[in-house]
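Dear colleague,

I am handing over the structure below, and my notes on what was found in it follow directly after. Please read them with the model open beside you.

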Amino acid sequence: MDEKTRAYVEKMIQGDEPAFDELYRSYSGKLYRMAYAITGNKSDSEDVLQETFVKCYLNRAKLKDPERFEAWLCRILVRTAWKVSKKRREMSLESLLEDPEQGQQAAGICRDPSAGPLEFLMDRETSGELLTLVGKLDVKYRTVVVLYYYNEFSTGDIARITGTLEGTVKSRLYKARKLLRKQLEGREEMERGMRHEEKLG
Amino acid sequence: MKKSWDEREKQGKRDLLRQQLPADMDRISFTEIQEQENLRQIHRVIEERRRNMRFHGKRMVIAVAAAMMVTGTITAIGAGKIVGLYSSTDLRKAVHSAAELKQQAVSILGDELVLEEKLADGTSFDEGQIVEVQGVDEGMNKVSSYQELTARYGDITLSVMRKEDQIPADEGENKAADYQETVGEICFTGTENNYLFLPPEAKPSKEDEALAEAGELFISYGTEKEERMVFRNISWEEDGLCYMMLTDREMSLSELGDLAKAYAEVK
């Protein structure tokens, strides 16, 4: 954590609202994207983001070590997002497709109306394909994948954030990678078949 | 041709998820307008919650103040229409018999109220009175009020008010119960709380203010000197009345819970 952020965290703990606003501006984008990846839709992500920062401010006295601010904030976010996901039952990033603007950006589709099926598939290789697959995982797997690969937390930190054992985190990461690989390879297999059929056709 | 997972990892010389997931996630749009709108909403909710948390804590502060015989207690002041609860304990109005207190209280709390002369551990009723609790605005003007009965049994205080007079708190904002047990249809919940009593003109430290906002500390004004105490309480509802038994005695919540259950079962 840099000196400036640390100073804001210390001020925020003392109840300084401008410092809290600065911290919000620094972290809100990242946290919103995390919430999006965990809950799978825009409306819940905004609710989770808001609730996370409300709890952050009201419970600031509980943050004993300013250096742990980001992990502490992520812990609040993850718990809040899980609660929302539990309420909504099965949430997946498929719902991104229901939101035209977000769907196009995150899933990487329909940018060029003239693009054919092959171009569409080629583009998808680098535009949101993995995120879409991550969204299909169970919420517990989705969370550790986001925390590990997006936030770059250690498995020890993730264990503290999610309230699980480090071994459980490692096992979830291993299983998540395995599931993602299987899904991706399954898709590739299907796409190869489609291209073969196109050639024959 | 589309590359396999292994080929893509080899090409990027890194874990594929590490290479691609952050890039995918950074494409999720979060506009400046969204950022500003969410921040405005956050401040609005914080202010609402602060008000509700203050009200939730205040009832316990009032009851504790009555237990300590603090006169002219005013709870922490905050922003909003009703910013504090004020109660005044008049020792001259205290009665020394449970039967007499009940007689006074029937017109306010109804016939269902039962006041015992003794608790299950043998502690006798010492004194009690009906206290008017006022909701006050920033200028200390009365904007609402309700009546609350407080009865002292040694170092244990019983406080009773009508359920309809309770000030609602936000769901999820009440401090999580440290004790919970259900007997029949009655649910007994208990918490252990830290209290700070301050002289009327004193100001709490920034640390204490932050603890109060987090629900970790209840602040009351009206004592001669600063004092910190720990109180345990058990609450339950019966026949439209909210009961709370509280004490600073060195006893566990479970022991206090047993006294509360015995009290409710007596009825």
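B:Tyr146 is partly exposed, because 18 other C-beta atoms lie within 10 Å (a residue is buried if 20 or more other C-beta atoms, placed from the backbone, lie within 10 Å of its own, exposed if 12 or fewer, and partly exposed in between). This is a predicted model, in which local features need pLDDT of at least 70 and side-chain atom pairs count only at pLDDT 80 or more, while totals for chains, interfaces and linings use all residues. Residues are numbered from 1 along each chain as its sequence is written, and chains are lettered from A and ligands numbered from 1 in the order in which they are written.

B:Tyr146 belongs to strand 4 of chain B, residues 142-153 (helices, H or I of at least four residues, and strands, E of at least two, are DSSP runs numbered from the N terminus). Apart from neighbours within four places in sequence, B:Tyr146 is in contact with B:Val133, B:Met161 and B:Asp165, where contact means that the C-beta atoms of two residues, placed from the backbone, lie within 7 Å. Between the C-alpha atoms of B:Tyr146 and B:Glu132, which are 14 residues apart along the chain, the separation is 5.9 Å.

Chain B as a whole has six helices and ten strands, and 36% of its 267 residues are buried. Of the contacts in chain B between residues at least 6 apart in sequence, 60% join residues at least 24 apart.

In chain A, helix 3 (residues 42-58) and helix 4 (residues 69-88) pack at an angle of about 140 degrees, with their axes 9 Å apart; axes are lines fitted to C-alpha atoms, for helices over the stretch in contact, and angles run from 0 to 180 degrees between N-to-C directions. Helix 3 and helix 4 of chain A are therefore oblique to each other (under 35 degrees counts as roughly parallel, over 145 as roughly antiparallel, 65 to 115 as roughly perpendicular and the rest as oblique). The residues that meet include A:Asp44 and A:Val48 in helix 3 of chain A, and A:Leu73 and A:Arg88 in helix 4 of chain A.

Finally, the interface: 42 residues of chain A are in contact with 29 residues of chain B. On the side of chain A that touches chain B, helix 2 of chain A gives the most, with nine residues.

With best regards
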